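Dear colleague,

Please find the structure below, together with its sequence. My findings follow directly after it.

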Amino acid sequence: MEFLKDLWMFTKERKKFWLAPIVIVLVFIGLLAIFASSGSAGAFIYTLF
């Protein structure tokens with residue numbers, strides 16, 4: 001959680017709010033990769049691509 005707090009402070013101080021969508025997409029892809037290893041979610045990811 002400390003990393004997310006530091007990242008938010010960085011974007012707020014430096015006015016780099018364009019980083020927010022990039023971070024959100026990367027987190028979403030990471031979550032998909034984690035759930036893909038659980039089995040049936042692999043078929044879901046296959047349909048996305």
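Thr-11 is buried, at a relative accessible area of 7%, where buried means under 20%, exposed over 50% and partly exposed in between, using a 1.4 Å probe and protein chains only. Thr-11 belongs to helix α1, which covers residues 2-14. Helices (H or I, at least four residues) and strands (E, at least two) are DSSP runs, numbered from the N terminus. Leaving aside residues up to four places away in sequence, Thr-11 touches Lys-16, Phe-17 and Leu-19; a contact here means heavy atoms within 4.5 Å.

Please note that this is a predicted model, in which local features need pLDDT of at least 70 and side-chain atom pairs count only at pLDDT 80 or more, while totals for chains, interfaces and linings use all residues. Residues are numbered from 1 along each chain as its sequence is written, and side-chain values use heavy atoms, with hydrogens and water left out.

As to the overall picture, the protein chain has three helices and zero strands, and its elements run α-α-α from the N terminus on. Of the 49 residues in the protein chain, 10% are buried. The accessible surface of the chain is about 4,400 Å², and carbon and sulfur atoms account for 76% of that surface. Accessible areas come from the Shrake-Rupley method with a 1.4 Å probe; for residues, only the protein chains shown count as cover.

Helix α1 contains 13 residues and spans 18 Å from its first C-alpha to its last, close to the 18 Å expected at 1.5 Å a residue. The expected span is 1.5 Å times one less than the number of residues in the helix.

What follows α1? The next residue is Lys-15, with a positive phi near 55°. Most residues other than glycine have a negative phi, and most peptide bonds are trans. Lys-15 sits in the loop between α1 and α2 and counts as exposed, because its relative accessibility is 62%.

One salt bridge is present in the structure, a salt bridge being a side-chain nitrogen of Lys or Arg within 4 Å of a carboxyl oxygen of Asp or Glu. Its partners are Arg-14 and Glu-13, whose closest N and O atoms are 3.6 Å apart. Arg-14 is partly exposed at 48% relative accessibility, whereas Glu-13 is exposed at 55%.

The whole structure was also searched for aromatic pairs, and one was found. The pair consists of Trp-8 and Phe-17, with ring centres 6.1 Å apart and planes at 55°, so it is classed as tilted. Rings of Phe, Tyr and Trp (its six-membered ring) pair if their centres lie within 6.5 Å; planes under 30 degrees apart count as stacked, over 60 as edge-to-face and the rest as tilted.

Val-27 itself is partly exposed, at 47% relative accessibility.

Val-23 is also found in helix α2 and is partly exposed, at 27% relative accessibility. Val-23 and Leu-7 are 16 residues apart along the chain, and their C-alpha atoms are separated by 9.7 Å.

With kind regards
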